[in-house]
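Thanks for making time this morning.

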Amino acid sequence: MPAQSSLMVLVAERPTIRHEIALTASEQGRVAAMAEADGLSITKWIVALIRARLTGTAQFGQEELEALAQSNLQMLAIGRNLNALAKAANMRGGAGAQEARDIRDLEAEIRSHVAKVSNLMTGNAARWRLHGE
């Protein structure tokens, strides 16, 4: 397996180099079906495939990006609800020190998860350039 190159996200880079590939009819059919299933054009699907291989990172289709965005919104709502519950319990004196720590830890995990997913989504949308080009 080839060594992974280090990557850096730069300002959007315009693709200027074209390559032609020859596929069999059955390969073309499968590529077209897979691209459509991912909500991408054939060209964008092939580029995503190449980028995933070059960067070792996932390249999400539109449907996956929308699902991740919705998931993050729901996770943030859960975090806000936890915070409201913790405040209400503290005001009533109902939450013990351990429960308060558990809620804070859970909120921190949710924020960390949301940040990681957001970074994946941002990285997916950005154009990647290999160091040393």
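From the N terminus on, the elements of the protein chain follow the order β-α-α-α-α-β, which gives four helices and two strands, where helices (H or I, at least four residues) and strands (E, at least two) are DSSP runs numbered from the N terminus. Please keep in mind that this is a predicted model, in which local features need pLDDT of at least 70 and side-chain atom pairs count only at pLDDT 80 or more, while totals for chains, interfaces and linings use all residues. Residues are numbered from 1 along each chain as its sequence is written, and side-chain values use heavy atoms, with hydrogens and water left out.

Of the 133 residues of the protein chain, 19% count as buried; buried here means under 20% relative accessible area, exposed means over 50%, and partly exposed is in between, with a 1.4 Å probe and protein chains only.

Which residues make up the largest nonpolar core? They are Leu-82, Ala-86, Ile-103, Ile-110 and Val-114, five in all, a nonpolar core being a set of buried Ala, Val, Leu, Ile, Met, Phe, Trp, Tyr and Cys residues joined through side-chain atoms within 4.5 Å. Helices α3 (62–92) and α4 (97–125) each supply at least two residues of this core, and α4 gives the most, with three. As background, nonpolar side chains tend to be buried together in soluble globular proteins.

Helix α4 also holds Ser-118, which counts as partly exposed because its relative accessibility is 28%. Between the C-alpha atoms of Ser-118 and Leu-65 there are 9.9 Å in space, although the two residues are 53 apart in sequence.

On helix α3 we find Ser-71. Is Ser-71 buried or partly exposed? Its relative accessibility is 28%, so Ser-71 counts as partly exposed.

Finally, helix α2 (residues 42–55) contains Ala-48, which is buried because its relative accessible area is 15%. Ala-48 and Ala-58 are ten residues apart along the chain, and their C-alpha atoms are separated by 8.6 Å.
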